[in-house]
Amino acid sequence: MVSTTGSKSRNPYLELLRPEIADMDLALPAASALLASYIYAGDLPSVLPFIIAIIGGYAAITSSYVFNDCCDIDIDKINLPERPIASSTLTQEQGLKYAFVLVVIASIAALYLNPESFVVLVIAVSTISIYSKFAKRSTYLSFVPVGIAYGLVPIGIWLAFDPAGILKGADTSILPLPGIFLGIMMCVTDWGFTLSGVSRDVEGDRAKGAPTFPVVFGVPATSKLVTACWIIGVISSLIIGWTAQLGPIFFTGAILAGMWMIIQSIDFIKNPMPERGGMLFLQGSRYRGVMFGSLIIDVILSIVSEGYVNILW
């Protein structure tokens, strides 16, 4: 969970939200809500809860970006000096207030949808905050809580449309298999996603004493771990489609985008340079945007067309 380059926004508050990877951050809650509603009720979710879930999920994700920038000012001044807080366009205090507002928005959305979603949100926000405030400066395993936090995002969204009933004492399963593998896929791919970004940021991290995985073990070793994460993530995405019995559009998008992503990761192994890690970071966003986009289209078709799913099943 690192800063990115290439933002075209001139609004510093918008730029803090990483608009260059917004496709992934918006597609994730949308896909999670649609798939959960499809598995649970066999129908599209109601419009208002669906919109609230997307807004809440997006606010939860982007709040971590803003808080991370508030914690990494010294590092960003080396790696990404154009970032709003690092460049003093906004103050750290303004950034912290902004992150708080985003968390409040996410909390209101989660409480409206399902208190279980709020519990997951609290765990996710606490986990990613530990990364930004403490773990990055103390251990090369700091990427682990990042993946866990982001793996919890689709689970929190899922529970809004397919409640587990734990808080009410209901004797039901927590999540069906597609929901479990959605969380696993998001967690593991985010390890690859984050490690790609910190590979790019290795100079600033080393200068400021942040013992990230690339600083401790080098970018070449990191590139191999990144590739393993993406391979596991792509396999997990196919398991989602299999357990949910999705149709050909999902599998086509997931397979083609997954093969492309693995090829890019292998290229990172062949060219283990910080700049290539930064490129792979953005490519990871494109992969997840395409994969989730394919899932969204597939679920809609599965619901509105009775014969669509029968193409494969």
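Helices, which comprise DSSP runs of H or I with at least four residues, are numbered from the N terminus. In this predicted model, S199 is found in helix α8, which spans residues 177-200. With a relative accessible area of 0%, S199 counts as buried, because the cut-off for that class is under 20%. When neighbours within four places in sequence are left aside, the residues in contact with S199 are P214, V219, T222, F268, P274 and G277.

A nonpolar patch on the surface is formed by V47, I51, I55, F100, V101, V104, I105 and I108, which together have about 720 Å² of accessible area. The elements that contribute two or more residues to this patch are α3, covering residues 47-71, and α5, covering residues 92-113. Of these, α5 supplies the largest share of the nonpolar patch, namely five residues. One of the patch residues, F100, is found in helix α5, and F100 is classed as exposed because its relative accessible area of 58% lies over the 50% cut-off.

P19, by contrast, is placed in a loop, the one between α1 (12-15) and α2 (22-41). P19 has a relative accessibility of 28% and therefore counts as partly exposed, a class that lies between the cut-offs of 20% and 50%. Although P19 and T62 are 43 residues apart along the chain, their C-alpha atoms are separated by 9.7 Å.

Definitions and conventions. Residues numbered from 1 in each chain as written. Predicted model: local features only at pLDDT ≥ 70, side-chain atom pairs only at ≥ 80, totals over all residues. Heavy atoms only, no water. Patch = residues over 30% accessible without salt bridge, like charges linked within 9 Å, V, L, I, M, F, W, Y side chains within 5 Å. Areas by Shrake-Rupley, 256 points an atom, 1.4 Å probe, with all protein chains shown as cover. Salt bridge = Lys/Arg side-chain N within 4 Å of Asp/Glu carboxyl O. Buried < 20%, exposed > 50% of the residue type's maximum accessible area, 1.4 Å probe, protein only. Contact = heavy atoms within 4.5 Å.
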